[in-house]
Amino acid sequence: MKETENPQDINVLKQKELLYRLMISQLEYDGQTALAGQLAAAVQAAADPPCPPSDRLLHLCMIGLQHEPDRRSHGHSLGLLNPVQEILIGPGLDLEFETDIDCSAPEPAQYETAYVTSHKGNCRAGAFSMDGQLVATGSVDASIKILDVDRMLAKSCPDGIETSSATEGQGHPVIRTLYDHLEEVTCLEFHPREPILASGSRDFTIKMFDYAKASVKKAFKTITDADHIRCMSFHPSGDFLVVGTQHPVIRLYDANTAQCFVCSVPKHQHTAPITSVKYSSNAKYFASGSRDGSIKLWDGVSNRCVNTFEKAHDGHEVCSVLFTRNGKYLLSSGKDSSVKLWELSTSRLLISYTGAGTTGKQEHRAQAVFNHTEDFVMFPDEATTSLCAWNSRNASRCQLLSLGHNGPVRLIVHSPHTAAFLTCSDDFRARFWYKRLVH
């Protein structure tokens with residue numbers, strides 16, 4: 001008769017496994033990849049999901065030392081964190097405290113097309129509102145559409161094709177169509193607090209629309225720049241707008257007065273056109289990427305560059321930059337078809353998400369984004385028009401998702417709160433993707 005395993009022995013074994021994984025994660029975090037691999041093989045952890053780089057073991061040791069009577073005074077002299085502070089972990093990705101986290105969100109491959117809308121030209125701009133209830137799309141035809149997410153879901157067909165047989169009770173998903181630009185709409189941003197949509201264009205202007213007024217088709221405010229507008233990001237307060245153009249110098253506009261500010265130190269600026277700008281959620285920093293291959297981190301108050309990641313993507317053009325919600329990390333993509341996660345406190349590359357792109361070099365810019373829980377990193381592959389996705393913590397590849405476009409995907413943006421994202425393509429279409437709950 002087989003003896004029943006002792007629960008206490010099982011618990012000890014599990015604790016040992018956790019300790020080994022913490023050690024492997026600490027080695028990965030310290031850049032000792034070879035040693036981490038040897039330890040994983042020695043303790044037979046290689047068959048398990050890869051351990052993401054984390055210094056959780058260091059923090060646990062620090063907390064433990066503070067509770068040892070003969071070392072408490074020494075611990076306080078080092079200025080160690082209060083254990084309570086260690087427990088209060090911010091939302092989203094935080095590799096300082098995580099090793100093995102079960103993803104609660106659905107994998108991106110499970111999303112389905114819920115709605116398709118078309119422009120009369122290539123669709124290259126899109127955005128979600130802060131509450132995730134609205135989506136905006138912009139096109140080479142100079143038009144902008146604002147769509148209601150609930151209406152898109154109500155009208156969605158099984159095959160995801162837009163239909164004109166919408167009932168009057170539900171209303172059409174496109175709630176506004178705006179025409180006030182003379183050339184291609186290159187970027188869109190919803191105001192974080194007001195019903196305002198900002199749009200940038202190749203016609204050298206930034207326009208602000210009050211979409212709360214159904215009859216309004218024109219902007220109530222226009223900011224005219226000296227060059228093509230390529231990208232922009234609202235300050236979390238909504239009072240400022242950081243803007244990247246065809247010119248290497250980044251502009252910071254007062255959204256109320258349209259007054260323009262630039263960094264007073266010329267050598268801080270990029271040396272080629274700006275491709276991406278983004279504020280952190282706490283407004284402490286904003287980041288920029290450029291054709292010059294570098295990523296720059298800027299102080300949100302002084303407007304000065306505080307750090308530069310030279311040749312962030314091996315010298316290739318940087319396509320996108322995006323902060324994690326807690327502001328500790330920066331996600332970037334480049335024309336080398338790679339996606340990277342940077343730790344801002346140490347200025348080092350923490351994780352590379354590889355395997356996207358069959359050629360290793362893209363013709364068009366493509367963005368890397370997180371899903372709403374930051375469990376996954378998403379990136380559209382130009383050659384196959386499919387969506388690549390990775391576990392954000394250990395960079396393991398997820399199942400591919402065919403995006404169904406007949407041209408390159410020029411923009412991808414994920415909803416801030418729900419399992420939904422938007423893709424815009426040169427096939428004139430924007431697709432709204434959604435993961436429905438299974439009842």
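Predicted model: local features only at pLDDT ≥ 70, side-chain atom pairs only at ≥ 80, totals over all residues.
Local features are reported at pLDDT of at least 70 and side-chain atom pairs at pLDDT 80 or more, whereas totals for chains, interfaces and linings use all residues. Residues are numbered from 1 along each chain as its sequence is written, and side-chain values use heavy atoms, with hydrogens and water left out.

Of the 439 residues, 54% are buried, where buried denotes under 20% relative accessible area, exposed over 50% and partly exposed the range in between (1.4 Å probe, protein chains only). The accessible surface of the chain amounts to about 20500 Å², and carbon and sulfur atoms contribute 52% of this surface; areas were computed by the Shrake-Rupley method with a 1.4 Å probe, and for residues only the protein chains shown count as cover. Among contacts (heavy atoms within 4.5 Å) with a separation of 6 or more, 52% join residues 24 or more positions apart.

Helix H2 (residues 33–42) has Ala 36, Leu 39 and Ala 40 as its buried residues. These residues cover an arc of only 100 degrees around the axis, and therefore lie on the same side of H2; the arc is taken from the directions that run from the helix axis to the C-beta atoms. The face of H2 turned away from the buried side carries the exposed residues Ala 34, Gln 38, Ala 41 and Ala 42. Just after H2, Gln 44 adopts a positive phi of about 60 degrees. In helix H1 (residues 7–29), Tyr 20 is partly exposed at 34% relative accessibility. Leu 19, Tyr 20 and Met 23 form a nonpolar surface patch with about 250 Å² of accessible area together. Patches consist of residues with over 30% relative accessible area and no salt bridge, with like charges joined within 9 Å and nonpolar side chains (Val, Leu, Ile, Met, Phe, Trp, Tyr) within 5 Å.

Nine aromatic pairs were found in the structure. Rings of Phe, Tyr and Trp (its six-membered ring) pair if their centres lie within 6.5 Å, and planes under 30 degrees apart are classed as stacked, over 60 as edge-to-face and the rest as tilted. Phe 128 and Phe 432 form a tilted pair, with 6.3 Å centre to centre and 45 degrees between the planes. Phe 128 belongs to strand E2 (residues 123–128) and Phe 432 to strand E28 (residues 429–434), so the pair ties together parts 304 residues apart in sequence. Phe 128 is buried at 9% relative accessible area, and Phe 432 is buried at 2%. Tyr 111, Phe 421 and Trp 433 form one aromatic cluster.

Side chains of opposite charge can pair when their charged atoms come close. A search of the whole structure returned 12 salt bridges, each defined by a side-chain nitrogen of Lys or Arg within 4 Å of a carboxyl oxygen of Asp or Glu. In one of these, Arg 393 and Asp 375 have their closest N and O atoms 2.7 Å apart. The pair links distant parts of the chain, 18 residues apart: Arg 393 lies in the loop between strand E24 (386–391) and strand E25 (401–402), and Asp 375 in the loop between E22 and strand E23 (376–381). Arg 393 is buried, with a relative accessible area of 5%, and Asp 375 is buried, also at 5%. A salt bridge also joins Arg 410 and Asp 426 (3.0 Å, N to O). Arg 410 is located in strand E26 (residues 409–414) and Asp 426 in the loop between strand E27 (420–425) and E28.

His 364 is situated in the loop between strand E21 (348–353) and strand E22 (369–370) and is buried at 18% relative accessible area.

Note on methods
Helix = DSSP H or I, 4+ residues; strand = E, 2+ residues; numbered from the N terminus.
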